[in-house]
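Please consult the sequence and the model while reading.

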Amino acid sequence: MRNRHLLKNDLIAYSFLLPNFLGFLIFTLVPIGFSFVLALMEWDGANEIKFVGWDNFLALPGDETFRISLVNTLYYVVGVVPLTLVCSLGLAVLLNGKLRGRNVFRSILFFPYVASLVAVAVIWNMIFHPTMGPVNFLLYSLGVQKLPGWSASVDWAMPTVILASIWKGTGYFMIIYLAALQGVPKYLYEAAEIDGANAWKKFRKITVPMLTPATFFVVMMLTINSFKVFDLIYVMTGGGPGRATNVLVYAIYNAAFIQFQFGYSSAIAIVLFVIVLAVTLVQFRMERKWVSYV
Amino acid sequence: MGQLRLNRRPGAILGKTLVYLFLILVAAGMILPFLWMVSASLKLEKDVFRYPFEWWPKVPIWKNYTEIWTKVPFLTFTFNTAKLTLIITVLQLFTSSFAAYAFAKLDFRGKNLLFLGYVSTIAIPWQVYMVPQFIMMRHLGLSDTHLALILLQAFSAFGVFLMRQFYVSVPDELVQAARVDGMNEYGIWAKIMVPLSKPPMATLTIFTFVFVWNDFMGPLIYINTQDLKTIQLGLRMFISQYSAEYALIMAASLVSLIPVFVVFFSLQRFFVEGVASTGIKN
Amino acid sequence: MKTFRPIPGALVLALVFSLVTAGTTAAADKTVLKMVVWDAANTAYLQPLIQAYQEKHPQVSVSIIDIPPNEYQDKLSIMLSGGEDADIISVKDIPGYAGMVNRKQLEPLMPLIKRDKVNLDAYSGVTNDITVNNELFALPFRSDIWILYYNKDLFDKAGVAYPTNDLTWDQYATMAQKVSSGFGTDRVYGSHYHTWRSTVELPTVQDGKHPIITTDYGFMKPYYDMVVKMQNDKTVMDFASLKVGNIHYSGVFYNNQVAMLPMGSWFISTVIAKHKTGEATMNWGIVKYPHPVGVKAGTTAGTITSMAVNKASKQKDAAWDFVKFFCGPEGAKILASVGNLPAIRDKDVMKILADRPGFPTDANSREALNTTTVRLELPMHEKVGIIERILNEEHELIMTGSVTVDQGLAEMTRRVKEALGQK
C-alpha cells in the first residue's frame, strides 16, 4: 500500500520535471555526455575518433599552459567570489529600504551587466591606464614611486580583471538578493526591534539566515561563472600580457580550435567540472544544514 | 536588516547622508560605461579612442544613429532577436518553475542526485560541448534555424536552480495546508507557488531576456542566412577584417539596450516589499 | 487572485511560426554555388566578381554565407565538422589553411590545375609557399604586401626629406627619430608599431635566412632591440598604451600623430576612402618596405587570401570553375579596380591600381607596389596555429617591458622547441 503511494508521488514529481528535463536531456545532456566520452579519445573534429584511454589526462600535468591557466583561474575565483558576494548583498540591503531614487540607483547598478563588454573594458582600461589614468595619477600624487602597469603588467593584470569582474557582476547578483529580500517576513524584524535589536544585529540574526537559499545560489553561480570566465578577459587583456590572465576556458578553446584536439579539450573541461562539482557538493551539504525554513 | 529604518535623530541624518553619498559614488562608477558608449556613438571613428579623451564631442555626429539602420538590416535583426527572446523567456519561465516545484516541495526518488546533476552541468563551459551539439542539431536538420536556438536555450538547468532556491523559502506549511484541503500538486503549483514567485519570475525573466537578447555565440554558430540573424550578429557587421567601427557599434548597442531597460524597469515593481507576503501570523 | 500563466495558445502559435520561418532553400533549376566569405558588406570586390562570373555563366548563380571576420575560422571549423557542404571556401589565413588541410577538408587542386593547364607562375611563386607535399589546396586571389606609409605634411613641417623606395632599416630608424617632435598629447611620433607581432617580426624574415617557425629566435634580436629603443626614446607610441587604449593604427595616422606607418597594402583603400569623406585630410604617400642591408629593395613580407573547394561539396567541377575565374587574370583586374592587391600582379593590374583616383600621384608611390620578393608572413606548417600563439604571447611580454628582449626570445625558443618536439 505504502509503496504504491510512493510510486504515485514519484510519478507526479517526475511529471513536473519532464518538460524541462526532456529538452535539457536531448539538447544539452547528450552533447555533454558525448564530450565527456571524448576525453578518452583523440578527435580533430573532422576525421575518425581514436580511443586513447587516459593519455589526455596524463598529458595535463606536463602542459605548462594548462598549469598556468589552472592557477590563474583559481586566483580569479578566490578574488571574485567573496568580494562580489559582499558587495551585492550590501547594495541589495541598502537599496531595499525606503530610499529616494531607489529605482534609479538599482537601474544604474544593473547597467554594467548589460553594457557592451567592449565598453566595460574600455572604461576600466581608461581608469586604470598606466600612464594617463586617474588611478595612477592619484597614486602618483600620493607619492607612490613604482606605479602598477595594471592590465599591461604581468603582476597587475589579474587584479585588474578581478576588479572589473566584481564591478560588472555586482548588479546581477544584487537583483537576486533584492528578490530574495522580498521573502523575508516583516514581522521578524518587528519582533526583533521590540526586543531591542539594532540594525547590525537584525542583519546578522534575521537577514543573513533567511537569505541562505539565495546565498547558496549566489555562491554557486559566482563560483561556476568564475571558473567559466572567458569573454571579459578576452576583451580586456586577450589572456595576456603573455599568459598572465590565461584561464582554463582559454586552454579549452585553444585545444579545440587552434590545435584541433577535441579529446584533450574535453579532458581539461573534466578537470574544471570535477573541481566545481567538489565545491558544489560542499556547498550543498552546508545548505542542508543552514537553510532555514520558516 | 531587510529595510533601512532611519528616523530623524541627528546621528541618523548623518548616516542617511553617508549612505546616499556612497550610493551616488558607486552609481557614478557604474554608469561610466554607459556614458562612454554615448560619447563614442557620437564621434567619428578616428576620435573614439583618441587621447586626450573628450567626453562630449565638439561636433556630435548624430548621423551615426541613422547610419546603423541603413548600413545593416538592423530592423530585421531586431525583430528576430525579439522573437527569439520572447519565445525562449516564456518557455524557460514555464518549464523551470514547473521543475523547480518538484525539487523544492516534493519528495521523490533520486531527488538530490538529480538536482546535483542539474546544477553541476552549469559548470561546463559551452566551448566544450558546442561542437558535438552542433553536429547533432545539424543531423536533426535544425542548422540555420531559429528553432535550433529555441530548443537549445529554453530548457536550462540555470532556471531550475534559480526557481528552486526561491521555492525552498516558501513555507512548507502553506503547501501542507493546501494538500490537506485536497488540492492536487498541479493546483498547488498554479494557485500557490506561482503567485508567490513573482520576484523570482521577474528575476528569471530579466536574466533570460538579457542573455538571449545579447547572445552572440548561439546565433553565430547556428545561423547562416542573413534574414535570420540577430542584433549581436548585426553588430559584428561593423567589424571588418582590419578595423572596427566602434562609433556605429556603440550607437547600435545603445539602441538595442532600450528594450532591455524597458523590461527591467517594468519588472521593478516585483522587487518592492510587500508584493509577496509570506508572513503567517499565529 | 491573479495567476501568472503563460497562454498556451500563443505559445503554440509562436512555435509554429518559428518553424515556418525556419530557413528554406528555394528549388534550384540552375546550379547554385554556395560560397563562404567573411565581411561581405565591406568587401568591395565580392559582388562585382560574382556578377561578372554570372554574366558569363548564366546557368550558375552564387549565393554567399557571410561570417564575421574575427570569428571566421572558428565558425567555419564548426560548420565543416558538422558536414557543411558549401562549395567554395575562402581561406583567410595560413593557420586556417593549415588546419583545414590537416583535417583533410579541402579538395586537392593539383589534378585540376594540370588538367586545365592553369599557369601557376602568374602568382609570383606564392603558390609554392602553400604547397604541401606537392599538393595544392587553394588558389590565391589576393595578396597584400607590407609597405611604408608616410605623412607628407609632417615631414614638411620637420624639414626632413621624404622616405624613398630604397631605405634600410637603420636609415628608417634615424629618419623616424628626426621627424619626431613635441610633448605629451601634442607629440608627433616618427613611426608607429601596431600591436600585432608581425609589425616587429616581419623585418626579421626579409633576408630569407630564417623562417619564422624555427628552433632559435636569436636572429630577431636586432629588430626587437630597434623597436624597444624607439619605444623608450618615444619615437613610437608604447605598446602598453596602444593595447590598453585599444588604439588603432588608422586613427593615429588620420590624426597626424604619426609620420610613418609600416602597414599592409590593404590600408590604401581605407585611406583613400577616408579622404573622400573628409575624415582624413593629410597629404600622404607610400614607399616600399624598408629592407635590411644587403637585401634588395622591393623585398617585403605579405599575406595571401585564397579560395578553396570544399571536399564535401557536391558540385566540385562547377566550384572549381568559379575558383579559377576568381583567382585568375580577369578576377585580378576586378580586384585591382576596387583597390585591392590581387595575387596576379602583371603590368595591367599595376597600372589600374596606380591610376585609381585618390592614390598618391608622386612617382615613388606609383613604384612602391612593385616587389621583387614577397615572403609569406606566416608559412604553411602543421603546427602553425600553436606556434603563432606562442610568438604572440612572448611578443606581448617583450613589448610591455615585462621581460627583456633576450629573455623573451629565449622563452620563444624554448616554447616553440617544445611545441615542435611534441606529437
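Which side chains meet in a salt bridge of 3.0 Å, N to O? In this predicted model, the side chains are those of A:Glu64 and A:Arg243. A:Glu64 belongs to helix 3 (residues 64-94) of chain A and A:Arg243 to the loop between helix 11 (231-236) and helix 12 (248-258) of chain A, so the pair links parts that are 179 residues apart in sequence. Both A:Glu64 and A:Arg243 are buried.

Over all chains, the structure holds 39 salt bridges. Three of them are listed below.

| A:Glu64 | A:Arg243 | 3.0 Å |

B:Lys43, in the loop between helix 1 (10-41) and helix 2 (64-71) of chain B, is buried but has no salt bridge. The nearest side chain of opposite charge, B:Glu54, is 5.3 Å away. The side chain of B:Lys43 does make a polar contact of 3.5 Å with that of B:Ser39. Among the residues that B:Lys43 touches are B:Val48, B:Phe53 and B:Ala247.

In chain C, strand 7 (residues 260-264) is largely enclosed by the rest of the structure, because five of its five residues are buried. C:Met260, C:Pro262 and C:Gly264 point one way from strand 7, and C:Leu261 and C:Met263 point the other way. Strand 6 (residues 139-151) of chain C runs antiparallel to strand 7 and is joined to it by five bridges; C:Ile147 has C:Met263 as its bridge partner.

Note on methods: Residues are numbered from 1 along each chain as its sequence is written. Chains are lettered from A and ligands numbered from 1 in the order in which they are written. This is a predicted model: local features need pLDDT of at least 70, side-chain atom pairs count only at pLDDT 80 or more; totals for chains, interfaces and linings use all residues. Side-chain values use heavy atoms; hydrogens and water are left out. Buried means under 20% relative accessible area, exposed over 50%, partly exposed in between (1.4 Å probe, protein chains only). Helices (H or I, at least four residues) and strands (E, at least two) are DSSP runs, numbered from the N terminus. Two strands pair if DSSP finds at least two bridges between them. Lys and Arg count as positive and Asp and Glu as negative; His and the chain ends are not counted. A salt bridge is a side-chain nitrogen of Lys or Arg within 4 Å of a carboxyl oxygen of Asp or Glu. A polar contact is a pair of N or O atoms within 3.5 Å; within protein, one must be able to donate a hydrogen and the other to accept it, and residues adjacent in sequence count only if both atoms are side-chain atoms. Contact means heavy atoms within 4.5 Å. Lists of a residue's contacts leave out its neighbours within four places in sequence.
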